[in-house]
Every structure is written in C-alpha cells, then in structure tokens.
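Hi everyone, thanks for making time this morning.

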Amino acid sequence: MRNCNHAVPDTVAAVSTPFGKGGVALLRISGTEAVAIADRVFRPAGGRPFSASTDRTAVYGQIVTPDGDVIDDGVAVLFRAPRSFTGEDTVELTCHGGILITQCVLTALLEAGARQAEPGEFTRRAFVHGRMGLSETEALGNLLDAKSHEQLTLARGALHRGGLSAEVEAVYARLMDALANMEAGMDFPEEDLTDLTPSEIRHIVTEAQTRVGRLLDTYRTGHAIAEGIPTVICGKPNVGKSSFYNRLLGREAAIVTDVAGTTRDVLSESITVGRVTVRLFDTAGLHDTDDRVEQIGVARAKQALAEAELILALFDVSRPLDTEDESLLDELAQTRKAVVYVCHKADLADVSSKELTARLGENAPVVRISSADGSGLDELVATVESLYINETIHTDSDAVVFSARQNQALGRAAEHIEAALTHLSDGWTYDLCAEDIRCAMEALAELDGRSAREDVIGEIFSRFCVGK
Ligand code: GDP
C-alpha cells in the first residue's frame, strides 16, 4: 500500500451516471459503513438482508427510505474491500434513470448516513488505498475526457497495462538496490555487507539513466496526443486566418469578412490534426492599430503567440509578398517554436509561392492550402504528424509519458541520476552519490504519487466529476 497520509474516515455516496433522464442510473456508496447503509435503503427480494448477499453478485430488490417508504425497485451489487474500485467496501445501486427517482435514492443514502462525495472522491480513495498510482489516475481522467481514438488508446494503455508506472517502478527498484548497497557500505565499512561492486553500481545507475532518457523521449508524442499542442494561426489581416480556422474546425466558429481587422479576440478550440491534438488559437491580425478594442485583441494574440508551441503561418500566395509578410518571415526565422508555412488561397492564381519556398529553403515545412475548397488539408495532417508523432512508439503498449507533471518529475530524476554518475566518476565519496540517488528516487516516487504534494494531487482529482 502507498504511503499516503490522506485519511478517509467516512462513507460517501454519489450518483455516478450523468444528471438527466436515462434507462438506468447508478449510485455508488463507498467506505466502512457502505454495507450498513445499503442495508437501511435496500431490501432484497429474497428477504435476507443485503449484507448477507454474495460478493459481486447482482441482487434484485426494493429501494426504500430509512423510514421504509418505497422509492423504486433496483439492483444492488456488493464489492467487499479490498476487491473494489476504491479498495473499500463499496455498493453499486442501480435504479430507474429518472431525475427525481435518482435524487430520492441519493437523499435516502445521505439520510441513512452517507456523505455526498466530492468530485473525483471515489478515484481518490482508490489512489489512497493503493488501487492505482497517480499516473494511472491521470490516465483515467484522460480516458473520460478523450475526444480522439489516439487519446483513448494512450489512456487505456497507461491504465490497464500500467506501462508508465510499471517502468517507473522498475527503475525505482533498481536504484533502491544500488542505494541499499551503498548505504550498507557507508554504515559498516569494515563489514563486507555490500554485494555490488562499484562498477556494478555504476552500471545500475547508467541503466537507470538510459531508461529515464527513453521515457523522456516519449513525451513529445504523448504530449501531442494527450495534452495537445498550443497552436496559433498567424499572418497579416485578410490572409484568411479565420477562414482557415473555420476550415480546420469544420464550422463557422470565427467571423469571416473581407474587411481587414475583423477578428478582434482570440478564440480557442481543441481539434485533432491526424493523430495530433491541436489546441488552436485563432488570433486577431497581428498588426498596428489605433482601435482600442482591436489593440486588446492584438495584445491577447501576442500572449497566445508567446505560449504557442506550433505556429501555422499563413501567406496569401494569390498576391505578391509584401512588407508585412517579410517582417513575419523575419520574426519566424528567429523563433524556436515549430512553424508550418501555409501557402494560403491556393485555389487562386499563384503569384508568390515560388518566392516564398525559395526564401524558406528546401527543408522548411510548407503546405499549400485553400480554405475555400478544403484542398491541402491532408498534407497539413502529414506535416504536423511528422513533427510530433514518433512512429516507433506503440501508444497502446509502450510506457509513454503523457503529462507535463510526469515529464517534470522525470526531468528532475534525470538530473539527479546524471549528478550521481558525475560524482561516481569523479571518485567522490559514496554519500554524495547516495544523496543524488535518493533525490532521483524521490522524483520517481512523486511521478507515481507515493510522495506527491497535496496540491498536485488535489489538482488531478479536481478534474473528475462527482461520482467518479
Ligand atoms: P483574416 O483577416 O486573416 O482572418 O481573413 P478572413 O478569414 O476573414 O478572410 C479574408 C478574405 O479572404 C475573405 O473574403 C475570405 O473569403 C477570403 N479567403 C479566405 N481563405 C480563402 C481561400 O482559401 N481562398 C480564397 N479564394 N479566398 C479566401
């Protein structure tokens, strides 16, 4: 069991299905009193108390208030600790999916002694009781939020095969071996307690470095699928940014007119470009203006541009490049962000794409697109995927880092491992090196939640809805 100091004294209940009318609604009760509470509100048809029923078996009966008034008939299933989602005694109660019926059943459970669960509290209890690690709960959150098949595949892989946690656990265990040996050598130098030679210890730490490095390499792909790449569309007024944004979204989300400077705010939306999730910001034309409202739009656009990782830069190739295009090209030449150059309005007579491509050089990612007829979007998909998707990674079975939190923790582990190796090769005493290894292990433990900070944990669980 994980060493977490998050006491869970009481029994909680919640409706786990979405609010609204449906075929059935499911309510969950979890905690030490779950079975006793179920006994107060559920009368099995067979006449025996619910608490006498077999674990994990559906029992049909009446749902009643604690005073004995019948609310509905339904089905209850008992999951005794620890073989339940939360690791606690849990009862799942299914009733007819009416809004009022469901509310009455929940009220009965609360009157019978349960407390209304907080958002994500069932999952949090599962974490506290060691049923899942922190990266698995993140995967579960992603599974529920998934909007693309790639997101689903990645989340399922992390959740069910525990790819990432298993790999992190393995590295942790190896470092633990090295540390135990070093500490035994330091504490009792005269007794020969160590069974690893210094070169074996170096080998273990080097191997940990390789494994952590390999994990870190997966983040570009994991981030692109799971979190999404903050992306801006930029270009001078009237180059067709709003039309392009709408074409990518497949609907009219931004206002398109032929008056320059009509896009006054920054719109944002998550879309999939092939396997990559793109968090798309449609920015106001980045240009000088005296209009105050437009100035705000331009300032927000600059902010979005600063935070973006990918820039889709539009050039109207139906016209010659002008000074605004030139200054955008100069700016993009300086940026360290990824840039895809779009020869836009490709349906019209092309007067400047040759000049543009000649200026950018052969290897620059350039695509020809018409937002008027939708041509060129396949090329955009291929280009964006080639920037972010590592085809050697199997997102359904490999250990893949998929959140910034995991990436940061691993990055810290990598730094401490590197420091440990430097200390080893500089011939430093074992205690400095042991401290580095201890810090690396702590970072790995944070990744999986064994020693994560309360605010970090709270942030993850706040993403869940009530009843999950
Ligand atoms: P923005 O100011 O950059 O957001 O540009 P808009 O999206 O408002 O488009 C400016 C004008 O260009 C409008 O009249 C659009 O209909 C037109 N336009 C946008 N994309 C294309 C395109 O791919 N082909 C053609 N022919 N016209 C386009």
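This is a predicted model: local features need pLDDT of at least 70, side-chain atom pairs count only at pLDDT 80 or more; totals for chains, interfaces and linings use all residues.

The chain has 468 residues, and 48% of them are buried. In secondary structure, we have 16 helices and 13 strands. Now take the contacts in the chain with a separation of 6 or more: 67% of them are between residues 24 or more positions apart.

Let's go to the helices. Please find α11, residues 323–334, and α12, residues 353–360. How do these two helices pack? Their axes are 12 Å apart, and the angle is about 25°. That angle is under the 35 degrees needed to count as roughly parallel, so α11 is roughly parallel to α12. The crossing of α11 past α12 is right-handed.

Which residues meet there? From α11 we have E326, L329 and D330, and from α12 they meet E355, L356, R359 and L360.

Next, the aromatic rings. The count here is 2 aromatic pairs. One is F42 with F50: the ring centres are 5.6 Å apart and the planes sit at 85°, so this pair is edge-to-face. Are these residues buried or exposed? Both F42 and F50 are buried.

F315 and Y341 also form an aromatic pair, and this one is stacked. Here the distance is 6.3 Å centre to centre, with 25° between the planes. If you trace the chain, you'll find F315 in strand β11, residues 310–316, and Y341 in strand β12, residues 338–344. The two residues are 26 apart, and the pair links distant parts of the chain. F315 is buried, as is Y341.

My last stop is T395. Where is it? T395 lies in the loop between α13, 377–388, and α14, 404–425. As for what surrounds T395, set aside the neighbours within four places in sequence, and the contacts are T153, L154, G157, I225 and V400.

That's my tour, so please jump in with questions.

Key: Residues are numbered from 1 along each chain as its sequence is written. Side-chain values use heavy atoms; hydrogens and water are left out. Axes are lines fitted to C-alpha atoms, for helices over the stretch in contact, and angles run from 0 to 180 degrees between N-to-C directions. Helices (H or I, at least four residues) and strands (E, at least two) are DSSP runs, numbered from the N terminus. Angles under 35 degrees count as roughly parallel, over 145 as roughly antiparallel, 65 to 115 as roughly perpendicular and the rest as oblique. A crossing is left-handed if the near helix is turned anticlockwise from the far one by less than a right angle, and right-handed if clockwise. Contact means heavy atoms within 4.5 Å. Rings of Phe, Tyr and Trp (its six-membered ring) pair if their centres lie within 6.5 Å; planes under 30 degrees apart count as stacked, over 60 as edge-to-face and the rest as tilted. Buried means under 20% relative accessible area, exposed over 50%, partly exposed in between (1.4 Å probe, protein chains only).
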